[in-house]
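Look over the structure first, then read the points by topic.

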There are 2 protein chains.
Amino acid sequence: MATEQEPMTPPEQPGETPSQAPEADEQTAALDEMRDRWRRALADLDNLRKRHAKELERVRAEERARTAGAWLPVLDNLERALAHSDSDPSAVLKGVEAVRDQAVEVLRGLGYPRYEETGVPFDPTRHEVVGVVDTPDAEPNTVAQVVSPGYGADGKQLRPAFVVVSKRQE
Amino acid sequence: MATEQEPMTPPEQPGETPSQAPEADEQTAALDEMRDRWRRALADLDNLRKRHAKELERVRAEERARTAGAWLPVLDNLERALAHSDSDPSAVLKGVEAVRDQAVEVLRGLGYPRYEETGVPFDPTRHEVVGVVDTPDAEPNTVAQVVSPGYGADGKQLRPAFVVVSKRQE
């Protein structure tokens, strides 16, 4: 498309010959105007492309800062919990458990809720099978055990749950 | 711009009268071609705008997932550390300290290195003053104490360091 923007020899110059008919003048003017519109549209396209590239960079940086910033309070609390380490080890434990809950909450807030249900049907979009067990009393092809929880919802998966499923009946 | 895209009455129809001169036919063809170019440029503009909007959404979601995903191993390790809580409290502490270091490393990897130097000149772009101390042996207007560390670099600040500065000399 850019090659079309090369300056063209303006065909309106023959209009300088005084012998031209009035209708021809009108047509030349119409052509000039149309060429002008076309050039402006090409310039708009070019500007839009440049603006687009800049905006993508801006949005990317903005989203990274927003997402990373959501974790700062988690880190702060982790350090606060550790600050008690000399005095009271059980206080550390309580603090760290609260930090874990906060981290799970941050992920939920970013659109990635945690899931770790057992007994639900195996779903290849949310579960990754790491093992199979033969449990006669369990419904076949359901999640028998969650080895590590999953994060995400509605096809917006951050990580699938790693699960052990009950054996398919044969 | 969009209003210009309304279908125009095509002025090339008078070309059907056989009485027209050959030069006029050429001019009509030139105008047709130019109008065609203009319309294609307008259509390109429209498509680019639509593609842009979709791409912004995609880039935003992608960056959020990438940034949130970088924290998942931190959460995993936090849980691993907590799993030892019953057996050995000092193992918990060691594990949690490792998690803290990992969290700092994640932020560095995202472009937000931690800083908490004392003795450096006060810099309003990186420091937020939460107190002033009168320390005769300290260089005036330097960071005497870091209350909470800062994260970021080169004007890409996630959070300034909260600092106590030494008093300016009067």
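In helix 2 of chain B, Pro73(B), Val74(B), Asn77(B), Leu78(B) and Ala81(B) meet Val92(B), Gly95(B), Val96(B), Val99(B), Gln102(B), Ala103(B) and Val106(B) of helix 3 of chain B. Contact means heavy atoms within 4.5 Å. The model is predicted: local features need pLDDT of at least 70, side-chain atom pairs count only at pLDDT 80 or more, and totals for chains, interfaces and linings use all residues. Residues are numbered from 1 along each chain as its sequence is written, chains are lettered from A and ligands numbered from 1 in the order in which they are written, and side-chain values use heavy atoms, leaving out hydrogens and water.

**Helix 2 and helix 3 of chain B**

- Ala, Val, Leu, Ile, Met, Phe, Trp, Tyr, Cys and Pro count as nonpolar, Asp, Glu, Lys and Arg as charged, and the others, Gly among them, as polar.
- The axes of helix 2 (residues 72-83) and helix 3 (residues 89-109) of chain B come within 9 Å and cross at roughly 175 degrees. Axes are lines fitted to C-alpha atoms, for helices over the stretch in contact, and angles run from 0 to 180 degrees between N-to-C directions.
- Helix 2 and helix 3 of chain B are therefore roughly antiparallel to each other (angles over 145 degrees; under 35 is roughly parallel).
- Helices (H or I, at least four residues) and strands (E, at least two) are DSSP runs, numbered from the N terminus.
- Buried residues of helix 2 of chain B include Leu72(B), Asp76(B) and Glu79(B); buried means under 20% relative accessible area (1.4 Å probe, protein chains only).

**Between the chains**

- Helix 1 of chain A and helix 1 (residues 22-69) of chain B pack at about 5 degrees, with axes 9 Å apart.
- These two helices are therefore roughly parallel to each other.
- Their contact residues divide into 25 nonpolar, eight polar and 20 charged.

**The sheet of chain B**

- Three strands form an open antiparallel sheet in the order 1-4-5. Two strands pair if DSSP finds at least two bridges between them.
- Strand 1 (114-115) and strand 5 (156-159) of chain B stand at the edges, each with a single partner strand, so one side of each lacks a neighbour in the sheet.
- Strand 4 (residues 150-153) and strand 5 of chain B pair over three bridges.
- Tyr151(B) stands opposite Arg159(B), and Ala153(B) has Lys156(B) as its bridge partner.
- The hairpin of strands 4 and 5 of chain B has two residues between them, and Asp154(B) in the turn has a positive phi of about 45 degrees.

Terms used:
Parallel < 35°, antiparallel > 145°, perpendicular 65-115°, else oblique. Buried < 20%, exposed > 50% of the residue type's maximum accessible area, 1.4 Å probe, protein only.
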